[in-house]
Amino acid sequence: MKWEENVRRVVPYTPGEQPDRPGVIKLNTNECPYPPAPGVAAAIERLDADRMRLYPAFPEQTALTEELAAYYHVGKDQIFIGVGSDDVLSMAFMTFFNGDRPILFPDITYSFYDVWAEVYGIPYETKALDAAFRIRPEDYCQGSGGVIFPNPNAPTGVLLGLHEVEKIVAANRDVVVIVDEAYIDFGGTSALPLLDKYDNLLVVQTFSKSRAMAGMRIGYAIGSPQLIRYLHDVKYSVNSYTLNYPTLELGVEAVRDKAYFAACCDKIIQTRARAQKELTRLGFTFPESYGNFLFASHKSVPAQMIFQELKENDIYVRWWDKERIDKYLRITIGTDEQMEALYAALDKICGG
Ligand SMILES: *Cc1c(COP(=O)(O)O)cnc(C)c1O
């Protein structure tokens, strides 16, 4: 068809499967296995249908922004909230990556980055992780149109130390460096303290993993007031009212309950330590993970086969048919009970 000549063609991001059958053990999309803070359920009861007549407030003028600013000890003008960090990151690509030089990100990383670069026509270059799946900071210090990487990285779980992160931010003062901290609450060190020194740093986090609210879609960026103002200008030029009234109300409760949040992250870190032991016993190796997942490879059984057989047992993990990582499975840390079922299944598949 002639009209297809004018179509913007993209190969979309492929998310993990969302099987919706009872009994499925879902360890494939890094969701939290525990419910959100109890205050969230209580706040649902207080929602007022009449309020839905009105447009929601701009996120920057809400209690959620205030709560996040207080929690992270930054100004309200340093917070940008979006519909999941995917929305925040996509807005950030659109806002900050408009130079002629390619932006840089790792060759093995969150597979949405190249999709956004393609859809917005942003030139990009990937830099190879080393053999141990580590980011080599020097690769990102030689001039670029911008830099983005997750820390800890996905799907490897490997953490880059704060000193190395600073090296990258400092070497790129003329462009924006985005650190995607989707998994930072599981034992990593956030780049947030660097904000005092660097106005070109944007730290992006999400409610989807450590705050157990993937279904609500809340993500946020923290950066200098100038960066945040530019982000708002672009957001309010595309679609102003993306965060709805219930989401804004419920999000507050998830941030407010610090004790529940800490207990939830601690529990997952403990289960992860146990999983490291069990998977090692079962013949797997993996880089040390700072996320709520392990990126594991078995010494003899092919990853694709394990992936398929687990699925037949109603246990979903993630596997990518992609060079360099096709021997690995990304396994989300679930509840202890879910993990026991996983070990038992793996024992049958890989044992003997
Ligand atoms: C899960 C994830 C996100 C996005 O999550 P949202 O649900 O959109 O907040 C972003 N970056 C990385 C690396 C992730 O793993």
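At what angle do helix 8 and helix 10 pack, and how far apart are their axes?

## Helix 8 and helix 10

In this predicted model, helix 8 (residues 258-281) packs with helix 10 (residues 336-350) at an angle of about 10 degrees, and their axes are 11 Å apart. Since angles under 35 degrees count as roughly parallel, helix 8 is described as roughly parallel to helix 10.

On the side of helix 8, the contact is made by Lys 267, Thr 271, Arg 274, Ala 275, Glu 278, Leu 279 and Arg 281. These residues meet Asp 336, Met 339, Glu 340, Tyr 343, Leu 346 and Asp 347 in helix 10. Sorted by class, the contact has seven charged, five nonpolar and one polar residue.

Gln 270 also lies in helix 8. This residue counts as exposed because its relative accessibility is 52%, and exposed means over 50%. The C-alpha atom of Gln 270 is separated by 9.8 Å from that of Ile 333, although the two residues are 63 residues apart along the chain.

## The buried residues of helix 2

Helix 2 (residues 63-72) has Leu 64, Thr 65, Glu 67, Leu 68, Ala 69 and Tyr 72 as its buried residues.

Just after helix 2, His 73 takes a positive phi of about 55 degrees.

## Aromatic pairs and a cluster

Across the whole structure, a search finds 23 aromatic pairs. One of them joins Phe 307 and Trp 319, whose rings are 6.0 Å apart from centre to centre, with 35 degrees between the planes, a tilted arrangement. Phe 307 belongs to helix 9 (residues 303-312), whereas Trp 319 is in the loop between strand 11 (315-316) and strand 12 (329-332), so the pair ties together parts that are twelve residues apart in sequence. Phe 307 is buried, at a relative accessible area of 11%, and Trp 319 is buried at 14%.

Elsewhere, one aromatic cluster is formed by Tyr 13, Phe 93, Phe 97, Phe 105, Tyr 110, Phe 112, Tyr 113, Trp 116 and Tyr 124.

## Arginines over aromatic rings

Arg 211 lies over the face of Phe 261, at 3.9 Å from the ring centre. Arg 330 is likewise placed over the face of Phe 293, at 5.9 Å from the ring centre.

How values were computed: Residues are numbered from 1 along each chain as its sequence is written. This is a predicted model: local features need pLDDT of at least 70, side-chain atom pairs count only at pLDDT 80 or more; totals for chains, interfaces and linings use all residues. Side-chain values use heavy atoms; hydrogens and water are left out. Rings of Phe, Tyr and Trp (its six-membered ring) pair if their centres lie within 6.5 Å; planes under 30 degrees apart count as stacked, over 60 as edge-to-face and the rest as tilted. Helices (H or I, at least four residues) and strands (E, at least two) are DSSP runs, numbered from the N terminus. Buried means under 20% relative accessible area, exposed over 50%, partly exposed in between (1.4 Å probe, protein chains only). A charge sits over a ring if NZ of Lys or CZ of Arg is within 6 Å of the ring centre and within 35 degrees of the ring normal. Axes are lines fitted to C-alpha atoms, for helices over the stretch in contact, and angles run from 0 to 180 degrees between N-to-C directions. Angles under 35 degrees count as roughly parallel, over 145 as roughly antiparallel, 65 to 115 as roughly perpendicular and the rest as oblique. Contact means heavy atoms within 4.5 Å. Ala, Val, Leu, Ile, Met, Phe, Trp, Tyr, Cys and Pro count as nonpolar, Asp, Glu, Lys and Arg as charged, and the others, Gly among them, as polar.
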